[in-house]
Amino acid sequence: MLGYARMKTRFTPRSAKGFTLIELLVVIAILATIAGIAFPVYMSVQENAKKTAAKKGCTDLVEACTRYSQDYNGMMPYDTRATQPDEHDQIYLTTEGDKDARMIAILTNREGEDADRINTTHDTYLRADEQAAKLNGLYVKDDDIGYYDAWGKPYYVTINETDEGAFDPFDEKNRVRGKKCLVYSTGPNMEGVAAPHNTQPRAKKSSKKGGKKGGKKNKKNAVDEEYLEQIEDNIYSWKSVK
């Protein structure tokens, strides 16, 4: 009897094979589509989180200044030798370390022990964790003490120590009654710096030209549209703090 060799054939299940090129391309396309949808949502969530943090920063600063004023007979936390009120008893500051008239150092009780202290009671009115960078909170490095929003920019502060309240920095004819301190962040586009910093436009004068139609339009005395768009991007603390 002749012997014969039996051929052995191995069958590999399809599930054990690797992906084909077409299958990989399909998976990559699906992942790219998901990423394209998710990324804008993620960025929107991040931006909203920054706005929330900036609003809280504004609120915390207003409340700190208010408590300080109550303890110091209406006086606000700033170095009078560094800045003086204008003709409307209005003072304009930022929370940038070297330009804040020591406001943040005063409120956080970081003035040191010298005889020139403004915060003589050594109370801490603004409590915030120190940050390693000038971003979203309190920054302290040697004598550089500042307070920054979520976009790494200082807050802007309007102060008026009179009982009439501070002027709205975006409307010099409007006082915010009962508010001696107004704080705002310049928002995500970091624009919209207000009147105290020489950017508030005057209302446009109505033109005698253009007939009745042009006259009616100009009577509104509307400010520059680009400036109004900048204002919309700002975050106002005094509108949320009661």
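Visitor: Let's begin with charges: how many salt bridges does the count come to?

Guide: The count comes to nine salt bridges. Keep in mind that this is a predicted model.

Visitor: What do the side chains of Asp-79 and Arg-81 do?

Guide: They meet in a salt bridge, at 3.0 Å from N to O. Asp-79 counts as buried, at 7% relative accessibility, whereas Arg-81 is exposed, with a relative accessible area of 57%.

Visitor: Which residues are linked in a network of salt bridges?

Guide: That network links Asp-79, Arg-81, Arg-102, Glu-111, Asp-116 and Arg-117.

Visitor: What about Lys-134, which residue does it form a salt bridge with?

Guide: With Asp-144, where the closest N and O atoms are 3.3 Å apart. Lys-134 sits in the loop between β2 (130–131) and β3 (137–141), while Asp-144 is in strand β4 (residues 144–148), so this pair ties together parts that are ten residues apart in sequence.

Visitor: How do those two score on relative accessible area?

Guide: Lys-134 is partly exposed at 36%, and Asp-144 is partly exposed at 23%.

Visitor: OK, new topic. In the largest nonpolar core, which residues touch the most other members?

Guide: Leu-61 and Leu-107 do, in a core of 30 residues. At least two residues of this core come from each of α1, β1 (90–94), α2 (103–107), β4, β5 (156–160) and β8 (181–185).

Visitor: Which of them gives the most to this core?

Guide: α1 does, with seven residues.

Visitor: What is Leu-107 in contact with, leaving aside neighbours within four places in sequence?

Guide: Its contacts include Leu-61, Ala-64, Cys-65, Tyr-68 and Pro-77. Asp-123, Thr-124, Tyr-125 and Leu-126 are also in contact with Leu-107.

Visitor: I see a cysteine in there. How many disulfides does the count come to?

Guide: The count comes to zero disulfides. For Cys-58, the nearest cysteine sulfur is that of Cys-181, 9.9 Å away. Cys-58 is buried, with a relative accessible area of 0%.

Visitor: Where is the place of Leu-93?

Guide: Leu-93 is in strand β1, and this residue is buried, with a relative accessible area of 3%. Leu-93 and Tyr-156 are 63 residues apart in sequence, yet their C-alpha atoms are 6.0 Å apart in space.

Visitor: Last one, about the outside: which residues form a nonpolar patch on the surface?

Guide: Ile-22, Val-26, Val-27, Ile-30, Leu-31 and Ile-34 form that patch, and together they have about 570 Å² of accessible area. One of them, Ile-34, lies in helix α1 (residues 21–71).

Key:
Residues are numbered from 1 along each chain as its sequence is written. This is a predicted model: local features need pLDDT of at least 70, side-chain atom pairs count only at pLDDT 80 or more; totals for chains, interfaces and linings use all residues. Side-chain values use heavy atoms; hydrogens and water are left out. Patches are made of residues with over 30% relative accessible area and no salt bridge: like charges are joined within 9 Å, nonpolar side chains (Val, Leu, Ile, Met, Phe, Trp, Tyr) within 5 Å. Accessible areas come from the Shrake-Rupley method with a 1.4 Å probe; for residues, only the protein chains shown count as cover. A salt bridge is a side-chain nitrogen of Lys or Arg within 4 Å of a carboxyl oxygen of Asp or Glu. Helices (H or I, at least four residues) and strands (E, at least two) are DSSP runs, numbered from the N terminus. Buried means under 20% relative accessible area, exposed over 50%, partly exposed in between (1.4 Å probe, protein chains only). A nonpolar core is a set of buried Ala, Val, Leu, Ile, Met, Phe, Trp, Tyr and Cys residues joined through side-chain atoms within 4.5 Å. Contact means heavy atoms within 4.5 Å. A disulfide is a pair of cysteine sulfur atoms within 2.5 Å.
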